[in-house]
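Reader: I would like a close look at one part of this model, the surroundings of the ligand. Please take the contacts in turn and then the backbone next to them.

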Amino acid sequence: MGMLVKGLWQEEDQIIQSGVFVRPASIYAQEIPTEVIQGLIREPGRYHLIASGSCQWSHRAVILRHLMKLQDYIPLHLAHGPRLEGYAINGGADWQIPGSQKIPLSRDGIRIKHLHQLYSHSVPDYTGRVTVPLLWDSWQQKIISNESAMIMQAFDATSAFLIPAGVDYSFFPAKLESEMKELDQRIYHRLGNGVYRAGFAQSQEAYDVAIDDVFSELDELENHLRENRFLFGDIITASDWKLFTTLVRFDSVYYHLHRCTKQRLIDYPSLWSYSRELYSWPVIFSSVDFSMIRDASYKNDTSHNPTGIIPVAPAADWLAPHNREKLSSAMIMTRSGEKIPLSLLFRI
Ligand SMILES: N[C@@H](CCC(=O)N[C@@H](CS)C(=O)NCC(=O)O)C(=O)O
């Protein structure tokens, strides 16, 4: 896939170790400071989100931007196009680095084509992977974070300053913090990253271990969601959105391209109705582009799909009634831990 070494792009990388896919830690993975969170609201247009429509980690950040109603505050740029040197930032055409026209002697701004050029513009001797999503500070011309979980949390925390819809709701309620952390880690290891470990495995053993994790996690979630409307009962949290971005891609990409072929999402009745409920929210529905997900995944994963042929989409009725309201009401928490009906805030 390629990476930057001391600011220079190189095609070799080190993500496979003894046949096992090892996802490197993000370089800017620290918690996002409060001044930046306040800045997201108080300085509209200063911070930009750069994401990809196909990537589950990007999708998490894009979803939180919608749910916290930040579209007018944080411009979104979708990296897409042929991956010649990693991600193209604007379909392979020139793209002006936001804010670069303010750099002295650069009135026309700095124009780039590849995401790695944004990384090395931010840190000239950057060594590491060049990943989406990332949060860009257009005033300081630097990357603030390239870790989706931290970006989600920062977007969520803006409700302490902005109070969209007059209620300081949160998808990371303090009351559930430690339980969410534990659950998110388990799901990330076994399922979210498990589908990548299965897809990129270069030995039978590594593949078998990953597949076992993926499907035992799906079994466990299926049991849980049979009786619980969301992962935390009647309360929706960011853990649901993290899980959703993996599930929504499962049958379209991971099932076939990553060889997760034991069962499809639609073979799990509760996981499938749960996914349909989350998909049915108008703001979420508009954030899912199945053909972009499939095209980008199948065209760019040339090691699994050297011909670039995009297989036909699996038949699945994502708009069929989910009937999850029979399980419980649907609630959300405020920052202080009070439960309020979701329908007061969102069209669901
Ligand atoms: N830990 C990161 C992972 C992001 C990530 O791996 N993104 C993929 C796209 S789905 C990427 O940019 N891959 C390019 C690469 O690793 O070279 C996060 O959750 O934000």
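Author: What follows describes the ligand site and then some backbone details of this predicted model.

The shell around the ligand holds 14 residues, and those that come nearest are R23, C55, R129, E147 and S148. Sorted by class, the shell has seven nonpolar, four polar and three charged residues.

An N or O atom in the side chain of R129 lies 2.7 Å from an oxygen atom of the ligand. In the side chain of S148, an N or O atom is likewise 2.7 Å from a ligand oxygen. V132 takes part through its backbone: one of its polar backbone atoms is 3.0 Å from a nitrogen atom of the ligand. On its own the ligand has 510 Å² of accessible area, and the protein covers 88% of it.

V132 is also joined to P133 by a cis peptide bond, with omega at about 0°. Most peptide bonds are trans. P133 is found in the loop that runs between α3 (115–122) and β9.

The loop between β9 and β10 contains Q141. Q141 is not a glycine, yet has a positive phi of about 55°. With a relative accessible area of 10%, Q141 counts as buried, because the limit for that is under 20%.

Both strands also meet helix α1 (residues 34–42), where V36, I37, G39, L40 and I41 are buried. The buried residues of α1 pack against β9 (134–137) and β10 (142–145), and also against β5 (47–51) and α4 (148–157).

How values were computed
Residues numbered from 1 in each chain as written. Predicted model: local features only at pLDDT ≥ 70, side-chain atom pairs only at ≥ 80, totals over all residues. Heavy atoms only, no water. Near = heavy atom within 4 Å. Polar contact = N/O pair within 3.5 Å; in protein donor to acceptor, adjacent residues only side chain to side chain. Areas by Shrake-Rupley, 256 points an atom, 1.4 Å probe, with all protein chains shown as cover. Nonpolar A, V, L, I, M, F, W, Y, C, P; charged D, E, K, R; others polar. Buried < 20%, exposed > 50% of the residue type's maximum accessible area, 1.4 Å probe, protein only. Helix = DSSP H or I, 4+ residues; strand = E, 2+ residues; numbered from the N terminus. Contact = heavy atoms within 4.5 Å.
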